[in-house]
Amino acid sequence: MRNIRNLNIILFFLSFAAGFSQSNLIIPQNGIEGVSIRIDTTNISVVEKLYGNEFELNANQSYTRYTYPKIGLAFQYETDDKNKIIRSIFLESPFQAKLNNGIELNKTSMKEIWETYSDKGCFTSKTYAWHSQKGISFFIKKDSTKKGYDSNKKIYKIEIHNKNDFGIPSRVNFEFDKERKEERIQEMVNVLKDDDFIFEKFDNFWRIQKKNDTKPFPLKKQENFKRELEFDLTQLNSEIRIYGSVFELNILKCNNDLVYLKLTSENEILVERYSDKQIQILLNKHQNKTNIPIDTKSAIDFPTDTYVYGTFCGFVGTPPTESQTMIDLVNQRKYYRLARRLNSMNPEIATYGYIGLDFLRKKGMEIKPPELSKMEEFSKSSIQLNTCQGCIYGVTETIKEVLKEENLKVIYKAYKESGMLK
């Protein structure tokens, strides 16, 4: 097998050497006459068999390109294509090539290309400009320090492809590499499930991801918020993305010890773990302070899930789910259910509990001393809320800012005028 492969390579170079004395014919949307690699058909493994492994590799989350500088050819496939089908062939010197219409690599100017196709104009980057026709693109170099480009320059590179009008590669014979994506997700899951999980290992995992974020199938993490809660509890909430999939990671820690962690995707829990010891310590502290037990399995009591605080959110201006629940409880005069929410360790739920009781007070209901005391304390809290302001979401306001009397009056009036608050 090795002898056959070596023979193929020798035969290729012999034919290629002959090609230096004559231009190879380019076939747009297809390939090069005499070269067996075809757009939308040939797998990258065929390229390696024909030309060997002395190529320069450029791989990122969009495409993977094998470049053979000695012969002036490069072959590119989409990184997320499981079949690794060639979508573009690039030609540069020393390769010699031309089209049936007379356009020739390194000899024809951009202006002559425009005349040939009765067309004008180029797209530009910092260092080059290019003009595309069906199945083919022509490139000239440009001065990065100056605006515009010189259309009299000769084309130094040609790309053969089968892209649509917007430059998107063909999907003929395309199959998304789901297995490779799942492997990357599983790497993250394994880190979170590790019996020896510590935050130093977790942070190191993301430092590596950030370094490799230009490589194929990158995991990208964006912190939604980080805030300090009661009892030395810190909450970190992040959004993680990879090729169309979005994950939410909610972490609670005390000092640097894990209290609770949950990774979800489309309401499916992928990882959930907690420290019984740390949670028991928090339960004891909370009960000693409030004389009210909390259920750590309930997101209403404990911040296992994240909620949004707001009145009218999004493009159409609808209340968040828990805001609507609060309004319903007020309309039903459910005092004790609102009082329970007021004592939640979840800041957004507790804020809704406070506002619900304040609304009942505005309607003439008497607020009992335990709730009055909690409301007085809570109204001075500097804990930040995960808020919405119209279409804008994010932790931007503290509890004490939201619970100012003038703001509560505005909220009450808005709900009354909307007809939601009876």
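Which residue's side chain does E159 meet in a salt bridge, and what is the N to O distance?

Author: The partner of E159 is K163, and their side chains meet in a salt bridge at 3.0 Å, N to O. This is a predicted model, and the distance is computed from its atoms.

Take the two ends in turn. E159 has 4% relative accessibility, so E159 counts as buried, under the 20% cut-off. K163 has 27% relative accessibility and counts as partly exposed. Side chains of opposite charge can pair when their charged atoms come close.

Strands supply much to name here. β4 (63–68), β5 (73–78) and β6 (86–92) each give at least two lining residues, as do β9 (128–133), β10 (136–141) and β11 (157–161). The largest share, 5 residues, comes from β9.

Two prolines come next. A cis peptide bond joins S93 and P94, with omega at about 15°. P216 lies in another loop, between α5 (199–211) and β12 (220–228). P216 has a relative accessible area of 16% and is buried. Leaving aside neighbours within four places in sequence, P216 is in contact with A59, N60, Q61, T79, R180 and R184. Take Q61 from that list. P216 and Q61 are 155 residues apart in sequence, and their C-alpha atoms are 4.1 Å apart in space.

Helix α5 holds F205. F205 counts as buried, at 10% relative accessibility. Beyond neighbours within four places in sequence, the contacts of F205 are E187, M188, V191 and L219. F205 and Y336 are 131 residues apart in sequence and 45 Å apart in space, C-alpha to C-alpha.

Back to salt bridges. A search of the whole structure finds 20 of them. One is K262 with D305, where the closest N and O atoms are 2.4 Å apart. K262 lies in strand β15 (residues 257–265), and D305 lies in the loop between α6 (276–290) and α7 (321–331), so the pair ties together parts that are 43 residues apart in sequence. K262 counts as buried, at 9% relative accessibility. D305 counts as partly exposed, at 30%.

Another salt bridge joins R341 and E322, at 3.7 Å, N to O.

Just after α7, R333 takes a positive phi of about 55°. Salt bridges also form a network, which links D358, R361, K362 and E405.

Strand β15 has a loop on each side with an asparagine to check. N255 is in the loop between β14 (245–254) and β15. N255 is not a glycine, yet has a positive phi of about 55°. N255 counts as exposed, at 58% relative accessibility. N267 is in the loop between β15 and β16 (268–274). N267 has a positive phi of about 70° and is not a glycine either. Its relative accessible area is 81%, so N267 is exposed, over the 50% cut-off.

Finally, confidence. The chain averages a pLDDT of 91, and 93% of the residues score at least 70. Over residues 7–20 the pLDDT is below 50. That stretch has 13 contacts in the model beyond near neighbours in sequence. Where pLDDT is low, the predicted coordinates should not be read in detail.

Notes: Residues numbered from 1 in each chain as written. Predicted model: local features only at pLDDT ≥ 70, side-chain atom pairs only at ≥ 80, totals over all residues. Heavy atoms only, no water. Salt bridge = Lys/Arg side-chain N within 4 Å of Asp/Glu carboxyl O. Buried < 20%, exposed > 50% of the residue type's maximum accessible area, 1.4 Å probe, protein only. Helix = DSSP H or I, 4+ residues; strand = E, 2+ residues; numbered from the N terminus. pLDDT = per-residue confidence, 0-100. Contact = heavy atoms within 4.5 Å.
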